[in-house]
Amino acid sequence: MTSRLAVIAGPTAVGKGTVVRHLLAEHPEFQLSVSATTRAPRPGERDGVDYFFWTQKRFDEAIANNELLEYATVHGLNRYGTPRKPVEEALALGKHVVLEIDIQGASQVKAAMPEAVTIFIQPPSWEELVRRLSSRGTEDEAEQEKRLATARIELASADDFDYQVINDEVAKCAAQVVELMS
Ligand code: 5GP
């Protein structure tokens, strides 16, 4: 098996995280890249596991030192980026590496590494996306509005991805991603 880089993107609350967690649990040959972010941890999130929680200064240093494979400001608020070294090391060990990032980051990765497989996760419908976002209850109404505005823009760029997969059922969606990687 040739190791490959999978870039998974899609609108807020589409269930990317759930799909990726399912995939990792079933397929040890896949490894998740832990992103860095300047946003504050949510309750229960652990530094180095869910994200590397960095200060603005640390993030600036990482950019200056070319430590990031890609980075972007997401939802006009916080910065997120993919540390380059762990990705390169995992690929060298023959792992498939999964990046769960936003669409700006996805296009940066594709430009830098054209061999990366970019996959856009689609919701079954717009209404279902809105329902998933409000029912998870992690964002207040203003933040939900902001995320839905970003989602509209993101959905419009789905055609730029190598593949699109609909997340109507997590296990099925994860299996389709695995199939695209093999
Ligand atoms: P959240 O704050 O809900 O954890 O993530 C918000 C958004 O940031 C998600 O759409 C997620 O895909 C994106 N994101 C997470 N990590 C990265 C990253 O390393 N790079 C980029 N470009 N986006 C990321």
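Modeller: A residue is called buried when its relative accessible area is under 20%, exposed when it is over 50%, and partly exposed in between, with a 1.4 Å probe and protein chains only. This is a predicted model, in which local features need pLDDT of at least 70 and side-chain atom pairs count only at pLDDT 80 or more, while totals for chains, interfaces and linings use all residues. Residues are numbered from 1 along each chain as its sequence is written, and side-chain values use heavy atoms, with hydrogens and water left out.

Helix α6 covers residues 141-156, and its 16 residues reach 23 Å from the first C-alpha to the last, close to the 22 Å expected at 1.5 Å a residue, where the expected span is 1.5 Å times one less than the number of residues. The buried residues of α6 are Glu143, Gln144, Arg147, Leu148, Thr150, Ala151 and Glu154. These residues cover an arc of only 165 degrees around the axis, which puts them on the same side of α6; the arc is that of the directions from the helix axis to the C-beta atoms. An α-helix has 3.6 residues a turn, so residues three or four places apart point the same way. On the other side of α6, the exposed residues are Glu141, Ala142, Glu145, Arg152, Ile153 and Ala156.

The cover over the buried residues of α6 includes α4 (103-112), β8 and α5 (126-136), contact being heavy atoms within 4.5 Å. At the N-terminal end, Asp140 caps α6, with a side-chain oxygen 3.2 Å from the backbone nitrogen of Ala142. Such a polar contact is a pair of N or O atoms within 3.5 Å, where within protein one must be able to donate a hydrogen and the other to accept it, and residues adjacent in sequence count only if both atoms are side-chain atoms. Glu143 counts as buried because its relative accessibility is 16%, and its C-alpha is separated by 8.9 Å from that of His75, 68 residues apart along the chain.

Through β8, the view widens to the sheet. Five strands form an open sheet in the order β2-β7-β1-β8-β9, with parallel pairing, and its edge strands, β2 and β9, each pair on one side only. Two strands pair if DSSP finds at least two bridges between them; β2 and β7 do so in the parallel sense over three bridges, and Leu32 has Val98 of β7 as its bridge partner. Helix α7 packs on this sheet, touching β1, β2, β7, β8 and β9, and its direction makes about 160 degrees with that of β9. For such angles, axes are lines fitted to C-alpha atoms, for helices over the stretch in contact, and values run from 0 to 180 degrees between N-to-C directions.

Definitions and conventions
Helix = DSSP H or I, 4+ residues; strand = E, 2+ residues; numbered from the N terminus.
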